[in-house]
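Thanks for taking a look at this one with me.

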Amino acid sequence: MNEQIFAETDQYIAERLGQESEAMLYARNMLAANGMPDASISANQGKFLQILAMSCGAKRILELGTLGAYSTLWLAAALPVDGKLITVEADLDHAAVARKVIDYAGLNKVIEIKEGNALDVLGHLEKEDPDPFDFFFIDADKPPYLEYVDYAIRLARPGSVIVADNVIRGGAVLNQASTDEKVKGVQRLNDALSAYENLTSTIIQNVGIKEHDGMVVAIVRKI
Ligand code: SAH
Ligand code: DHB
Ligand code: MG
């Protein structure tokens, strides 16, 4: 087994089942043209998230970590016509690019970008007591991942689905002595999940065009 076969197989799947929209291609061009981090999910991961969101009948989606809105577009395509997606981005330059992408996609009535630190925005959302979110994609900074999940549960309904990206990190999570703050952040979440009585959780290991990584997939049982 080598990474080449994972990348080629990812391509094989994407050619058949991970076709990107015009706006997704535009997002990828904008990410490259603006020298933004190479941190977007892959097309096949986007399709996977879209299917998960559809399977829980998502009408309201909350995303933490927008970057260039690439994952946002995959998720928005899961929504019914009256659906709504809120995406949170702390970096104003990233948010500006994401806004152009969302305008290009004609989705500025469906997708709302909230600029700010995800913990602050979550605090405001909780106080505002909005309708529950059906689907969460957690993909911002890694150290507060556990707090992000705790907020998500409070903003959810029974049956809501919570996904958190980058929780395996090339297998770096196996090292319990890691001093990397990103690794420690996701380990803290991974280690805590089984004790949540209100969640049923697993981690899907991902290989493909991106570095070996994984996503938490959890369903809220009760709140
Ligand atoms: N979800 C995107 C990738 C997100 S990359 C995709 O797959 O297409 C992570 C993003 O989180 C970056 O844009 C970064 O600026 C943002 N971010 C980092 N820390 C944050 C925080 N505390 N609050 C909100 N966004 C944050
Ligand atoms: C980084 C963040 C991500 O969410 C990701 O999927 C890949 C990389 C990063 O911060 O480097
Ligand atoms: Mg990510």
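## Notes on the model

1. Let's begin with Thr 87. Beyond its neighbours within four places in sequence, Thr 87 is in contact with Glu 63, Thr 66, Thr 72, Ile 111, Glu 112, Ile 113 and Lys 114. Please keep in mind throughout that this is a predicted model.

2. Where does Thr 87 sit? The residue belongs to strand E2, which covers residues 84-89. Thr 87 has a relative accessible area of 0%, so it counts as buried. Two of its partners are also joined to it through side chains: a polar contact of 2.6 Å links Thr 87 with Glu 63, and another, of 2.7 Å, links Thr 87 with Thr 66.

3. Now for the metal. Which residues coordinate the magnesium ion (ligand 3)? They are Asp 139 (OD), Asp 165 (OD) and Asn 166 (OD1), at 2.0 to 2.1 Å. Asp 139 and Asp 165 link distant parts of the chain, 26 residues apart. Asp 139 comes from the loop between strand E4 (133-138) and helix H7 (145-154), while Asp 165 comes from the loop between strand E5 (156-164) and helix H8 (181-192). In sequence, the donor residues follow the spacing D-x25-D-N. Both Asp 139 and Asp 165 are buried.

4. Two or more lining residues come from each of helix H1 (3-17), helix H3 (43-55), helix H4 (70-76), E2, strand E6 (199-206) and strand E7 (213-220). H1 gives the largest share, four residues. Sorted by class, the lining has 17 nonpolar, 15 polar and twelve charged residues.

5. The second largest pocket has a volume of about 420 Å³. It is lined by 21 residues, with Glu 20, Arg 28, Ile 41, Ser 42 and Ile 209 closest to its centre. H1, helix H2 (22-33) and H3 each provide at least two residues of this lining. By class, the lining of the second largest pocket divides into ten nonpolar, five polar and six charged residues.

6. Helix H6 (residues 118-128) is worth a visit too. Which of its residues are buried? In H6, these are Ala 118, Val 121, Leu 122, Gly 123 and Leu 125. Their cover includes strand E1 (60-64), E2, strand E3 (111-115), E4 and H7.

7. Both ends of H6 have something to show. After H6 comes Asp 129, with a positive phi near 50°.

8. Leu 67, in the loop between E1 and H4, has a positive phi near 50° although it is not a glycine. Arg 169, in the loop between E5 and H8, is likewise not a glycine and has a positive phi of about 55°. Are these residues buried or exposed? Leu 67 counts as buried because its relative accessibility is 12%, and Arg 169 is buried with a relative accessible area of 19%. The cut-off for buried is under 20%.

Key. Residues numbered from 1 in each chain as written. Chains lettered and ligands numbered in written order. Predicted model: local features only at pLDDT ≥ 70, side-chain atom pairs only at ≥ 80, totals over all residues. Heavy atoms only, no water. Donors = N, O, S within 2.8 Å, 3.2 Å for Na, K, Ca; no water. Buried < 20%, exposed > 50% of the residue type's maximum accessible area, 1.4 Å probe, protein only. Polar contact = N/O pair within 3.5 Å; in protein donor to acceptor, adjacent residues only side chain to side chain. Contact = heavy atoms within 4.5 Å. Nonpolar A, V, L, I, M, F, W, Y, C, P; charged D, E, K, R; others polar. 1 Å grid on protein atoms, 1.4 Å probe; cavity = no way out; pocket = protein on both sides within 12 Å on 5 of 7 lines; lining within 4 Å. Points joined across faces, edges and corners; volume = space filled by probe spheres on them.
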